[in-house]
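Here is a short briefing on a predicted model. Look at the sequence and structure, then read the points below.

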Amino acid sequence: MANEIMFKSKFTIYVGACWILAAFGGLMFGYDIGISGGVTAMDDFLIKFFPKVHERKLHAKENNYCKYDDQLLQLFTSSLYLAALVASFFASKACTKLGRKLTILMASAFFLAGAGFSAGAEHKWMLILGRILFGIGVGFGNEAVPVFLSEIAPVQHRGAVNILFQLFVTIGIFIANLVNYNTSRMHPNGWRMSLGLAAVPGLVLFFGSMILTETPASLIERGKDAQGKAALKKIRGVDDVDNEYEEIKRACEIAKQVKQPFKKLMKRPSRPPLIIGIALQVFQQLTGINAIMFYAPVLFQTMGFKNNASLLSAVITGSVNVASTFVSIIAVDKIGRRKLLLQACVQMIIAQTAIGGILVHYLKTTGSLNHALATVVVILGVPIDSIVERVWKQHPVWKGFMDDDDHGSKIQEIA
């Protein structure tokens with residue numbers, strides 16, 4: 001759609017507020033990623049729900065790799081992501097049938113319910129239920145927010161606005177690490193504060209979603225053409241939106257004509273970008289950085305850090321995560337996607353190989369690393385893949401694949 005660059009628009013305070021409020025869906029997700037690892041490292045939490053794990057943690061001669069070997073404790077962390085996976089299938093339909101705005105509202109409602117159950121938990125089942133509700137909220141939010149941001153942003157700002165979601169994810173992780181560091185000293189209910197504060201971004205998104213406008217593409221694809229045009233005028237800040245309106249309407253009509261989307265997706269012309277996009281996503285996740293982000297405090301405790309020091313180390317990794325995101329935003333267009341991606345991959349290979357070598361050679365089944373080696377691991381363990389993740393999502397092959405039918409017919413329709 002080459003003529004998109006001629007579409008008229010101007011930045012308004014309202015549309016900027018919509019970008020920020022919607023991006024709080026990313027902050028909710030990031031907070032959940034960062035909070036669970038710190039909570040599971042808190043003694044008060046373990047004493048109340050997992051006393052056997054706490055006993056093993058105190059035994060100096062206990063196997064380092066078995067201290068946190070408890071299925072229910074792992075379920076506490078992983079249930080969120082399992083619930084998000086299942087919820088995403090329903091969220092896709094909700095996003096199409098009910099609209100982006102209502103789906104975001106539903107995400108925040110689930111998140112608030114999860115915060116309530118988690119913070120007030122007295123039994124393990126309440127903890128798990130709270131995490132499941134969190135997961136449903138994450139599934140709905142991660143489905144609707146990126147689509148909302150993409151559809152509401154003018155073409156010339158779409159790349160930067162799309163990265164807002166990822167930026168807020170990293171900020172959420174950083175905030176969670178700071179919260180854990182401070183609440184770990186609030187005995188005996190600091191863990192309740194950590195889990196309960198998840199309600200703050202949930203409340204912002206809940207009330208914010210009430211003032212968000214529905215996206216023009218969502219309204220038009222549901223047959224509400226007049227409302228769609230009015231919404232387009234509101235977010236563009238100009239009255240002359242006829243060209244963009246017609247383009248959105250045409251894209252929605254084309255999308256409705258696709259009867260077998262999966263079959264079309266498997267055709268030869270679609271295979272290269274599909275394979276590249278999936279491979280980049282899969283390998284970015286398989287680097288193992290998620291283990292560091294989810295369990296950073298636990299990992300640092302295993303290496304010999306005390307409780308507060310391990311949480312502070314997690315704060316360091318979270319701050320570098322945020323900084324790396326800003327680096328990717330600034331550098332991606334100046335240096336180029338390919339060069340930045342390759343450079344980041346080389347950094348990751350060096351850092352993770354060094355970490356693996358240190359842990360294999362020096363961290364035995366008992367004992368811990370000395371202070372110098374543990375510090376080296378923290379430095380090497382900062383999430384370099386923050387750059388990788390932001391860069392590959394802006395790669396022209398993948399980005400082109402995602403943007404081909406950017407208004408209404410998106411990959412969302414295919415999935």
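A disulfide is a pair of cysteine sulfur atoms within 2.5 Å. A search of the whole structure finds zero of them. This is a predicted model, where local features need pLDDT of at least 70, side-chain atom pairs count only at pLDDT 80 or more, and totals for chains, interfaces and linings use all residues. Residues are numbered from 1 along each chain as its sequence is written, and side-chain values use heavy atoms, leaving out hydrogens and water.

**Confidence**

- The predictor's confidence in each residue is called pLDDT and runs from 0 to 100.
- The protein chain has a mean pLDDT of 78, and 78% of its residues reach 70 or more.
- Helices here are DSSP runs (H or I, at least four residues), numbered from the N terminus.
- Among the elements of the protein chain, helix α5 (residues 100-119) has the highest mean pLDDT, 94, and helix α21 (residues 411-414) has the lowest, 35.
- Over residues 392-415, pLDDT stays under 50.
- For that stretch the model has 66 contacts (heavy atoms within 4.5 Å) beyond four places in sequence.

**Cysteines and burial**

- Buried means under 20% relative accessible area, exposed means over 50%, and partly exposed is in between (1.4 Å probe, protein chains only).
- Cys252 is buried, at 3%.
- Cys345 is partly exposed, at 31%.

**Arg192**

- Arg192 sits in helix α8 (residues 190-196).
- Arg192 counts as buried, because its relative accessibility is 15%.
- Neighbours within four places in sequence aside, Arg192 is in contact with Lys48, Ala119, Gly120, Ala121 and Glu122.

**Helix packing**

- Axes are lines fitted to C-alpha atoms, for helices over the stretch in contact, and angles run from 0 to 180 degrees between N-to-C directions.
- Helix α1 (residues 13-40) packs with helix α9 (residues 199-211) at about 145°, with axes 9 Å apart.
- On the α1 side, the residues that meet α9 include Tyr14, Leu21 and Phe24; on the α9 side, Pro201, Val204 and Ile211 are among them.
- By class, this contact of α1 with α9 has 10 nonpolar, three polar and no charged residues.
- Nonpolar covers Ala, Val, Leu, Ile, Met, Phe, Trp, Tyr, Cys and Pro; charged covers Asp, Glu, Lys and Arg; the others, Gly among them, count as polar.
- Helix α4 (residues 71-97) and helix α6 (residues 124-152) pack at about 35°, with axes 6 Å apart.
- The contact of α4 with α6 has 20 nonpolar, six polar and three charged residues.

Key. Helix = DSSP H or I, 4+ residues; strand = E, 2+ residues; numbered from the N terminus.
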